[in-house]
Amino acid sequence: MTPILHSPAWKHAERHAHGLRDHHLRDMFAADPARFQRLSLRWNDWLLDLSKQRVLPETLPLLAGLWDAADVPGWIAKMRAGEPINHTEGRAVLHVALRHAGGPVTVDGRDVMPAVRAVLARMRDFCDAIHSGKWRGATGEPITDVVNIGIGGSDLGPRMATQALAAHRVPHLRVHYVANLDGADLATTLAGLAPRTTLFVIASKTFTTQETMQNAGSARAWLTAALGDAAVARHFVAVSTALDKVAAFGIDPDNAFAFWDWVGGRFSLWSAIGLPLALAIGFDNFERLLAGARAMDEHFFAAPPLENLPALLALIELWNADFLGLQSRAVLPYSQSLALLPRYLQQLEMESLGKQIDRDGKLVGCPTLPILWGEPGTNGQHAFYQLLHQGGRALSCEFIACREPDFPIAGHHEKLLANCFAQSAALMQGKTEAEALAELQATVPPAPSFLAPYKIFPGNQPSTTLLLPRLDPHNLGALVALYEHKVFTLGVLWHLDAFDQWGVEYGKQIAGSLLPMIEGRTPVAGIDGSTAGLIAACGNSSHR
Ligand code: F6P
């Protein structure tokens, strides 16, 4: 059980939450004209507004007691010292080393920084060779299209960041991502491409993942059918911790970019897993991304919890989940470029914290991570916001916006911001029956009063707004690192190993035993009736 459950700070927070139960956010704003100033934080030119969360100014200092009770600073020190804090896999957790700029960082007594810098240098050389046209395909033509084949952490980070930094892309090179085992993903991506000018990046930490290996094999078949086996050396590179398996697949070791088992898949954007992103935006921009993450690292390591962005996001999440009973969080970027951020955060947060068993093998003893989902605004407003406003479900929302647009077209950005701020205001304040009636009566002619109940909004729906100056490589790096450190902090608070993912294994195991039945190689036996019925309904694979 997480030790903080027994701490005085937890008990205090419980009593405090009880006292807050009947407070409405609208009244909290009315009672305290300085609420925004008290509950918002600036970091460089960022603004984190927590004033629309269901907290009082004294709530956050109270929650900060949990930071000490769980000894978050002690765990930060363990992480930075390369201790195996991923205890179920016996691994260090050192993604921060990938963007570190100072002295040695050691794992098992060895400084990892020379190897980190060497891979970054090779990535730069490779990006320059592709961009300059020095690297040619088997027929002597320059590369025009890069296809990253990977899944989970070997896909979501670079894919999200490539879209997020679309305004910073290098010209004349298109970068595509294929992840799904469904052949439709690969087939539709390859449909518009020419083997002569296409480069594949096979990205897999383990180089055993079924989806990636299947897609990589099919991509190789597509390439060699057109150009022959010898072309693989000019059209395939790999990113992995398992360089022996890369060689066994047939990729030249000179075309392999290493990373290390102390980099978790969902924390690997900063490693060679970021290669397709670096190809898309250029290596100088990739370095700016690393620098942004480093700035957030330095902030997280040094700032006290009440002035610490990742700490505050973690404490608010814990408050909402464990004290207010909110079990869902919508991430709502008012930025089309951040459209994939919710999906990226689903892996980062849910694969890390979607757990109930703590570091001692016991139940955590309180709810852990709420379900995370989301879509960019304003699209979501025309889909699911109805439920947010009037569906009667308590959940929290996270709005992310940028003061400046990354694609300035006159007339768009002000409207985008107006919608973003309007939604959090509406969710916070709601609309009373009296206000709804007054509104109906104010129309000419007055609208019928039976409509009033439909126009009532309960409000009191908490939200956070994060306002960035603009979306550029530096700010994106800091944004991703912000969420990484939030995850780290919650892992400590809930006494969880946030760096393993045993929950994804069981389904894979069963799929392995079903495949020979679906292929008709073994009889359909030893499985439940529903699964057997579904397999029977598909017929023998020779008929498909
Ligand atoms: O989803 C499980 C998982 O192991 C993730 O943690 C990882 O990011 C993904 O699969 C892909 O793994 P790999 O990079 O080894 O192919």
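**Entry 1: the largest pocket.** I began with a definition: a pocket is an open set of grid points with protein on both sides within 12 Å along at least five of seven lines. I also reminded myself that this is a predicted model. With that in hand, I looked up the largest pocket and found about 940 Å³ of space in it. I then asked how many residues line this pocket. The lining has 36 residues, and Thr206, Thr209, Gln501, Val504 and Lys508 lie nearest the centre of the pocket. I checked which elements give two or more residues to this lining, and they are helix H9 (210–227), helix H15 (341–353) and helix H20 (505–518). H20 gives the most, with four residues. By class, I noted 11 nonpolar, 16 polar and nine charged residues in the lining of the largest pocket.

**Entry 2: the ligand.** Where does the ligand sit? I found the ligand in the largest pocket, the one from my first entry. There are 14 residues around the ligand, and those that come nearest are Ser154, Ser204, Thr206, Thr209 and Glu351. Sorting the shell around the ligand by class, I wrote down two nonpolar, nine polar and three charged residues.

Next I looked up distances from oxygen atoms of the ligand to side chains. For Ser154, an N or O atom of the side chain is 2.6 Å from a ligand oxygen. For Ser204, the distance between a side-chain N or O atom and an oxygen of the ligand is 2.6 Å. For Thr209, I read 2.5 Å between a ligand oxygen and an N or O atom of the side chain. How much of the ligand's accessible area does the protein cover? On its own the ligand has 390 Å² of accessible area, and the protein covers 86% of it.

Entry 3: Rolling a probe the size of a water molecule over the atoms shows where empty space is left. I counted cavities of 30 Å³ or more and got two.

The largest cavity has a volume of about 80 Å³. Its lining includes Gln53, Leu313, Arg329, Cys397, Thr464 and Lys486. Helix H14 (309–323) and strand S12 (396–402) are the elements that give two or more residues to this lining. H14 gives the most, with four residues. The lining of the largest cavity has three nonpolar, four polar and four charged residues.

The second largest cavity has a volume of about 40 Å³. Among the residues lining this cavity are Trp75, Ile85, Arg359, Phe488 and Phe499. Helix H19 (residues 473–493) gives the most to this lining, with three residues. I sorted the lining of the second largest cavity into seven nonpolar residues, one polar and one charged.

**Entry 4: the backbone.** Most residues other than glycine have a negative phi, and most peptide bonds are trans. I went looking for exceptions.

Which peptide bond ending at Thr378 is cis? It is the bond from Gly377 to Thr378, with omega near 10°. I placed Thr378 in the loop between strand S11 (371–374) and helix H16 (385–390).

I also found a cis peptide bond joining Val444 and Pro445, where omega is about -10°. Pro445 lies in the loop between helix H18 (433–441) and strand S13 (463–468).

I located Asp108 in the loop between strand S3 (106–107) and strand S4 (110–111).

Technical notes: Residues numbered from 1 in each chain as written. Predicted model: local features only at pLDDT ≥ 70, side-chain atom pairs only at ≥ 80, totals over all residues. Heavy atoms only, no water. 1 Å grid on protein atoms, 1.4 Å probe; cavity = no way out; pocket = protein on both sides within 12 Å on 5 of 7 lines; lining within 4 Å. Points joined across faces, edges and corners; volume = space filled by probe spheres on them. Nonpolar A, V, L, I, M, F, W, Y, C, P; charged D, E, K, R; others polar. Near = heavy atom within 4 Å. Polar contact = N/O pair within 3.5 Å; in protein donor to acceptor, adjacent residues only side chain to side chain. Areas by Shrake-Rupley, 256 points an atom, 1.4 Å probe, with all protein chains shown as cover. Sits in = over half its atoms within 2 Å of the grid points.
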